[in-house]
Structures are given as C-alpha cells and as structure tokens.
Amino acid sequence: MSAPAFVVSLLTDYGLDDGFAGALHGVLHRRAPGVQVVDISHGVRRQDVRAGSQALRRAAPYLAPGAVVAVVDPGVGTERRGVAVAAGDVVFVGPDNGLIPPAADALGGASETVVLEDRGYWLAAPGPTFAGRDVFAPAAAVLARGGGLADLGAPVSPGDLVRLAPPACRRNGAGGLEVEVTWVDHFGNVQLAATPADLGAGSSEVELRWQTATLKLRVVRTFAELAPGELGLLTDSYGQLAMCSNGASAAASSGLGEQDVVELRP
Amino acid sequence: MSAPAFVVSLLTDYGLDDGFAGALHGVLHRRAPGVQVVDISHGVRRQDVRAGSQALRRAAPYLAPGAVVAVVDPGVGTERRGVAVAAGDVVFVGPDNGLIPPAADALGGASETVVLEDRGYWLAAPGPTFAGRDVFAPAAAVLARGGGLADLGAPVSPGDLVRLAPPACRRNGAGGLEVEVTWVDHFGNVQLAATPADLGAGSSEVELRWQTATLKLRVVRTFAELAPGELGLLTDSYGQLAMCSNGASAAASSGLGEQDVVELRP
Amino acid sequence: MSAPAFVVSLLTDYGLDDGFAGALHGVLHRRAPGVQVVDISHGVRRQDVRAGSQALRRAAPYLAPGAVVAVVDPGVGTERRGVAVAAGDVVFVGPDNGLIPPAADALGGASETVVLEDRGYWLAAPGPTFAGRDVFAPAAAVLARGGGLADLGAPVSPGDLVRLAPPACRRNGAGGLEVEVTWVDHFGNVQLAATPADLGAGSSEVELRWQTATLKLRVVRTFAELAPGELGLLTDSYGQLAMCSNGASAAASSGLGEQDVVELRP
C-alpha cells in the first residue's frame with residue numbers, strides 16, 4: 001500500500017467519455033493498491049502539446065506531493081522518449097515532447113531526470129498507442145509503491161529534454177508590449193503571457209490593440225468592479241494579466257483566442 | 001492524516017477542462033494529506049447561483065459526512081463574505097450569496113455558522129479571483145485535519161445568511177398550480193418546484209399549460225410505462241414532480257427550460 | 001472501513017453535470033467509509049446499452065479489484081432485474097439488460113450471479129427511477145464492507161442473464177470481411193469489430209469499402225507513420241483493428257460512425 005501522502009495526479013488530452021482516464025485509475029489501483037489519484041484535467045485540447053504544457057505549468061504550484069502523469073502525445077509509439085522528471089516534491093511522468101519542462105521550471109527546475117526504458121514495469125499491450133496506460137501509469141505506480149527514479153530507467157541530463165518556444169512577450173519599437181494569449185478559460189477570461197511587472201507599475205488604464213481594434217481596458221482587482229459589458233484587465237489567480245468581463249465572456253466579446261498576439265500599451 | 005470517514009465534496013461552476021477543480025484537489029491533499037475528495041459536480045451553469053443552490057440542495061441528503069466546498073461566486077473578491085455553515089453531519093464552505101441555505105435547510109437547518117475571516121489558513125495568492133483554491137479549500141482542509149468552525153472565523157447568526165427567493169410554487173385563482181421548472185437534467189427530464197402533495201392525491205392525468213400549449217400528461221411511476229413520444233409526469237428520485245418521456249428528452253419535446261413557469265391542473 | 005485494496009469503479013450514462021455520479025460517490029462513502037471510488041466514465045451515450053456494454057468490455061482488463069457499478073438503464077423501475085455478477089477479481093453490479101455479460105466474458109466468464117432482491121440494503125427513495133443511487137451503489141457498498149454476493153440476493157444461473165447480439169464480424173461470399181464500427185473515440189479513431197487474426201496475416205495494405213467509397217488503408221503501428229490527411233489501419237490499444245489518421249479525426253474524414261458496417265479486403 002502506498003504511503004497516504006503519495007498522490008498520483010493526472011493531466012491529459014483524453015477527454016472523459018471514453019474511459020481512457022478511467023483505465024489510468026484502474027492500472028494505478030491495480031499496481032499500487034491504496035494509492036490516491038487526482039484528476040487535474042483531461043480536457044487539454046487534443047494533441048496540443050503547447051496548451052498542455054501551459055496547463056501543467058499553471059497546475060504546478062498546487063500539485064499534491066507525489067507523481068504527475070502528464071500525457072499529450074501525438075508521437076506516441078515512435079522514437080520520442082518517455083521520461084520521469086523530479087522537481088520540487090513531485091515527479092512528472094510523460095512524453096519527452098516539451099510538455100513537462102515549463103512545469104518543472106515553475107517548481108525550481110528538474111533535480112533528476114530518467115528515460116523510461118526499463119520495460120519490466122510496462123504493461124503488455126497489443127499495440128503501442130496508449131503509453132499513458134501501458135508505460136506512464138505503471139511508472140507512476142512504481143513510485144507510489146516507494147520506488148525511485150532509478151527503478152524506471154537510466155538518468156539523462158535535464159538539459160536534454162525537448163523544449164517548446166515559450167509564449168511571446170516582447171517589447172516592440174513603439175513602446176508597446178506584444179504578448180500572446182496563453183489561455184481562454186471556461187468563463188471566457190483571456191490570460192496573457194505577461195505579468196504586471198512586464199507592464200510597469202501604476203497604470204489605471206491600458207490600451208489593448210489587436211487587428212484593427214483598440215480597446216481601453218480599466219485595470220481592476222475583481223470582476224465585480226466592471227460595468228456590465230465592460231472589458232477590463234486584472235492580475236489573475238496565477239499572477240498573469242488577463243482580460244476579463246463582469247458576468248460575461250471576455251473572449252466572446254473580443255474575439256480573442258489562444259495563441260493570438262496582442263499589443264499592450266500602458 | 002484526516003480521519004478515514006472525513007470526505008470533502010465539491011460542487012462548483014468551474015467546468016472540468018481548466019484544472020480549477022484539480023487545483024482544489026491538490027490544495028486539499030497538500031493541506032490535509034490522506035483526505036478523500038468527491039466531485040459532486042463542476043457543471044453548474046456559469047455564475048448561476050440559483051441553479052447552484054438547487055443542485056446543492058438536491059445533493060444534500062446523499063453527501064458523505066465531512067465538508068462541502070460549494071462555489072458559484074460571481075462576486076468573488078468583493079465585500080461578499082465567505083462562510084462555513086454546519087448542518088447535519090456536514091459543513092458547507094463557500095460564498096455567502098445564497099448558494100448554501102437551501103441545502104442546509106434540507107439537512108435540518110444550520111446549527112453553526114462562521115465567517116471565513118481568519119486569514120492564517122488562506123493561501124497567498126497574486127489576486128483575489130480564485131477563492132475556491134485560496135480560501136474555501138484551505139478552510140475545508142482545516143476541518144479535514146480535525147479543526148472546528150471556530151478555527152475558521154467568528155460566529156454569525158445563520159439568520160444573517162443571504163437567501164435567494166425560492167422557486168415559484170403557488171396556487172392561482174383558477175384552481176391551478178403555478179410552478180417553476182427547477183432543473184432540466186442530462187436526460188431531458190423537467191423537474192418542477194412541486195411535489196405530489198402539492199398537486200393533491202390520486203390524479204391519473206394532469207394538465208400542464210405553458211404559453212399557448214396544453215399538454216395532457218399521464219401520471220406514471222417509470223419511464224417505460226410511456227409510449228414512445230408520449231410525455232408523462234412522475235415523482236422523480238428527489239421526490240419532485242417531473243415531466244418525462246420514454247427514451248427521449250421531455251425538455252426538447254416541450255421546449256421547456258429552467259426558470260420557466262407552467263400551470264398544472266389535476 | 002473497507003480494505004484499502006477494494007475499489008468501486010463506476011461506468012454510467014449519467015453525464016457529469018447533474019450530480020448523479022456525485023450521488024453515487026456520496027452513498028458509497030456514507031455506507032462504506034474509507035472506500036475508494038474510480039470513475040471509469042459517465043459519458044456513455046444516453047440509454048445506449050450496447051455502447052455501454054462495449055465500453056465496459058474495453059475497461060474490463062484494467063479494472064481495479066473490487067466492485068463495478070455499471071448503469072445504462074432505460075428500463076429502470078420496471079420488471080428488469082438488478083444483478084451482481086462476479087468475474088475475475090471484480091463484481092459487476094447493474095441492470096440485467098445486456099450491459100454486463102461482454103465484460104464478464106472478457107474476464108473469463110461469470111463465476112457467480114445473484115439477483116439484487118434483498119431490499120434491506122436499498123435506500124428508501126421517493127420513486128424508482130434512480131437505481132444507481134438507491135440499489136446498485138448500496139449493493140456495492142455491502143461488498144466494499146466485506147459482504148459477499150449472498151448478502152445481496154438469491155443466486156441465478158449466469159446463463160440466464162440477458163445478452164445483446166455481438167457486433168457484426170462475418171465473412172461474405174466475395175472474400176471480404178463485414179465488420180461493425182464498435183467505437184469512435186475522442187480522437188476520431190474508428191474501432192472495428194475485428195482483430196488482426198480475423199484479417200489474416202501479413203497485409204501491408206487493406207481495402208475498406210463503405211457505401212460507394214473504397215479506401216486504401218496502409219497498415220501501420222503508430223499514428224505518426226501516416227502522412228497528414230492519410231487514413232491508415234492499426235491494431236489499437238485494445239487489440240482491435242482501428243482506422244486512424246495522423247493528427248486528425250479518421251471518423252470525420254471518412255464519415256463513419258458507430259454501428260456502421262464496412263467491408264475489409266486484405
């Protein structure tokens with residue numbers, strides 16, 4: 001039985017309808033009886049590794065101690081490696097395709113990394129297309145039962161991990177800040193790849209330019225400070241700037257979506 | 001480690017895609033190692049406090065003993081208070097905006113209420129927009145670790161809690177019963193704010209009037225008693241009258257939606 | 001308190017928004033404090049017993065030891081029986097409408113079957129339309145607390161269980177294999193009711209005929225072997241043949257859906 005404080009958290013693009021996430025739970029309980037399992041989200045956009053890496057980075061400070069199975073994996077079954085990456089008090093387990101490093105960075109950087117090459121703990125499977133069930137969950141179960149990274153495979157340098165380009169956040173010549181939309185959430189809040197520090201102190205209003213539109217956004221602390229229909233800018237619960245609205249979707253009002261790039265001017 | 005029988009149940013409008021619910025799980029496990037967490041639903045319609053209060057009331061008799069973090073919170077970060085409300089063998093934790101009282105009433109009424117004002121257990125956060133993660137889940141973790149309501153803040157009278165108007169259920173001059181639609185479920189059943197006792201005993205057929213339509217509804221016990229396409233009325237699994245169909249959606253057939261008001265005549 | 005290794009897994013068509021699944025969790029924790037509960041899926045298509053039986057069969061080899069509450073139940077409240085069916089190291093609990101037998105078969109067949117007729121463990125309920133909460137979850141809780149099938153009701157022969165017709169997989173006169181689409185998953189993979197053994201060894205290309213279309217499908221091991229837009233055939237993670245695509249939905253590309261029948265030719 002696993003130690004009571006060891007939790008396996010899951011973040012994938014599997015959706016919830018097909019039983020893929022349920023299969024991970026089953027394998028974990030079968031291999032590590034008594035383990036506790038948390039679903040962070042199975043709603044990452046299908047095969048969007050970049051969106052998954054941002055979701056995992058946001059989740060990082062709030063993860064329960066233990067292992068984190070993270071799977072957005074269009075290259076499943078190919079030469080891309082599976083890895084386990086220790087950072088803070090968690091171990092991320094998943095494909096080496098860029099998904100994990102931003103979250104590991106958010107926890108102070110990878111302290112140890114191994115390649116998942118010891119097939120002893122893998123599940124026998126009729127095909128190589130479900131590594132979450134057949135490789136990553138079994139690897140997490142090894143850790144849940146008290147194993148270490150050395151039980152999973154040989155060490156590699158964290159510097160060898162595949163990394164994606166970070167979301168855009170750059171000053172342009174005109175005194176503006178060009179920033180990427182990193183996330184549109186369930187409420188239509190539009191998170192940007194910039195923090196209040198990037199913007200500079202003390203603005204009470206900010207101009208947001210996108211395509212042909214120029215929006216004046218009042219800087220607020222809470223949604224309720226905005227009038228109905230008004231768009232504003234606040235520091236969201238992850239410390240990022242976000243365009244928001246009061247009781248409506250800022251994304252729907254503005255037309256902005258993930259990966260769009262806007263210009264901010266104080 | 002929490003006592004094995006202490007469960008933290010969650011009901012929110014967060015959706016499942018963004019990791020908001022997962023963050024609550026993470027905080028609970030981090031603050032109260034070994035705690036058990038149940039998702040009642042994260043599918044309350046966005047920012048619809050009234051719908052959330054009805055969902056929480058329906059869930060009340062079937063809650064596991066422990067704490068219940070309930071969040072539908074358009075006023076997050078403003079002057080609206082956070083509260084913990086003990087009723088039956090659970091403690092509801094959430095905003096004081098009307099969400100909690102109907103569920104507390106269903107469990108015999110609030111026995112103790114405190115305001116969540118002791119910031120010692122709050123999470124440090126970059127902004128005030130995610131009270132579920134930063135205030136309510138940490139408060140539930142205090143309880144999961146054996147704390148009491150006095151560890152969360154100062155007592156207030158349950159009578160001071162904000163309350164919403166209950167769903168309409170009133171007799172009209174013409175001998176009919178005007179009742180509100182309280183819920184359309186996943187199967188298209190249309191729950192009404194009336195019980196068989198409100199309707200009077202012994203009807204085998206009921207007339208439902210809405211806008212220009214008059215529907216004759218056979219009173220049945222099970223869906224399978226209805227012919228394909230036939231609309232009927234039964235006592236649902238929560239003891240409320242509900243319009244239903246056999247293998248189809250009564251809501252889609254009738255056009256009725258939540259908060260519509262219909263007239264019933266025996 | 002239940003043994004730490006006893007898990008109750010859930011598979012239903014309840015959806016996640018209404019709190020139906022949450023009510024099952026609540027009842028299980030209330031009746032069997034400390035029990036562990038896993039959601040396999042609550043996304044079976046509404047009232048589609050056949051799709052549910054296929055989903056349960058796919059889940060079977062990966063179930064945690066314990067009980068499995070399986071509910072897709074359009075005949076709820078009628079004469080259809082509730083049953084508990086032991087197979088492998090799990091006990092399936094649900095309606096006797098064809099949902100359970102394929103999964104029991106996948107685990108070596110039912111070793112013991114009882115009818116859920118002892119009302120002592122049922123929950124009192126205002127109506128008979130939520131057997132998952134009022135009958136099946138309480139039955140699973142009896143098992144979680146160490147009870148046996150004899151505590152649930154009287155034995156019946158597994159041969160008496162209702163069975164649905166299996167998905168079509170038959171040779172036709174023209175040397176082709178007529179196979180049914182058993183599943184379209186979240187990624188658009190199109191699972192067929194045939195295995196590589198049904199197709200015969202060694203093909204590197206297969207012809208798939210459907211309506212007026214004839215598709216040449218390259219046989220591959222991983223999605224990444226296919227060119228963008230190319231449709232292929234692989235052995236999926238459940239050992240079945242599946243039409244797939246690389247980074248796109250094979251179902252959307254082909255127009256195929258569940259229960260369609262196609263012809264395969266080596």
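Visitor: Why is C:E180 called buried?

Guide: In this predicted model, C:E180 has a relative accessibility of 6%, and because buried means under 20% relative accessible area, C:E180 counts as buried.

Visitor: What makes C:E180 and C:R50 a salt bridge?

Guide: The side chains of C:E180 and C:R50 meet at 2.7 Å, N to O, and since the rule asks for a side-chain nitrogen of Lys or Arg within 4 Å of a carboxyl oxygen of Asp or Glu, the pair qualifies as a salt bridge. C:E180 lies in strand β8 of chain C and C:R50 in helix α2 of chain C, so the pair ties together parts that are 130 residues apart in sequence. With a relative accessible area of 23%, C:R50 is partly exposed, because that label covers the values between 20% and 50%.

Visitor: How do you know what A:E180 forms a salt bridge with in chain A?

Guide: The closest N and O atoms of A:E180 and A:R50 are 2.7 Å apart, which is within the 4 Å limit, and the pair is therefore counted as a salt bridge. It links distant parts of the chain, with A:E180 in strand β8 of chain A and A:R50 in helix α2 of chain A, 130 residues apart. A:E180 counts as buried at 7% relative accessibility, whereas A:R50, with a relative accessible area of 23%, is partly exposed.

Visitor: What makes β8(A) mostly covered?

Guide: Six of the eight residues of β8(A) are buried, that is, under 20% relative accessible area.

Visitor: How do you know which strands pair with β8(A)?

Guide: Pairing requires at least two bridges between two strands, and β8(A) passes that test with β7(A), to which three bridges join it, with β14(A), through four bridges, and with β9(A), through three bridges. The strands run antiparallel in the pairing with β7(A), in that with β14(A) and in that with β9(A). A:V179 is the bridge partner of A:C169 and also stands opposite A:V262 in β14(A), while A:V181 has A:L192 in β9(A) as its bridge partner. β7(A) and β8(A) form a hairpin with five residues between them, and A:G175 in the turn has a positive phi of about 85 degrees; β8(A) and β9(A) likewise form a hairpin with five residues between them, where A:G188 in the turn has a positive phi of about 85 degrees.

Visitor: How many residues does each chain give to the contact, and what area is buried?

Guide: Chain A gives 33 residues and chain B gives 32, and the area buried between them is about 2,700 Å², of which carbon and sulfur atoms give 58%. In chain A, A:Y62, A:H186 and A:F187 lose the most area to chain B, together 26% of what that side buries.

Note on methods:
Residues are numbered from 1 along each chain as its sequence is written. Chains are lettered from A and ligands numbered from 1 in the order in which they are written. This is a predicted model: local features need pLDDT of at least 70, side-chain atom pairs count only at pLDDT 80 or more; totals for chains, interfaces and linings use all residues. Side-chain values use heavy atoms; hydrogens and water are left out. Contact means heavy atoms within 4.5 Å. Buried area is the accessible area (1.4 Å probe) that two parts lose on being put together, summed over both. Buried means under 20% relative accessible area, exposed over 50%, partly exposed in between (1.4 Å probe, protein chains only). Helices (H or I, at least four residues) and strands (E, at least two) are DSSP runs, numbered from the N terminus.
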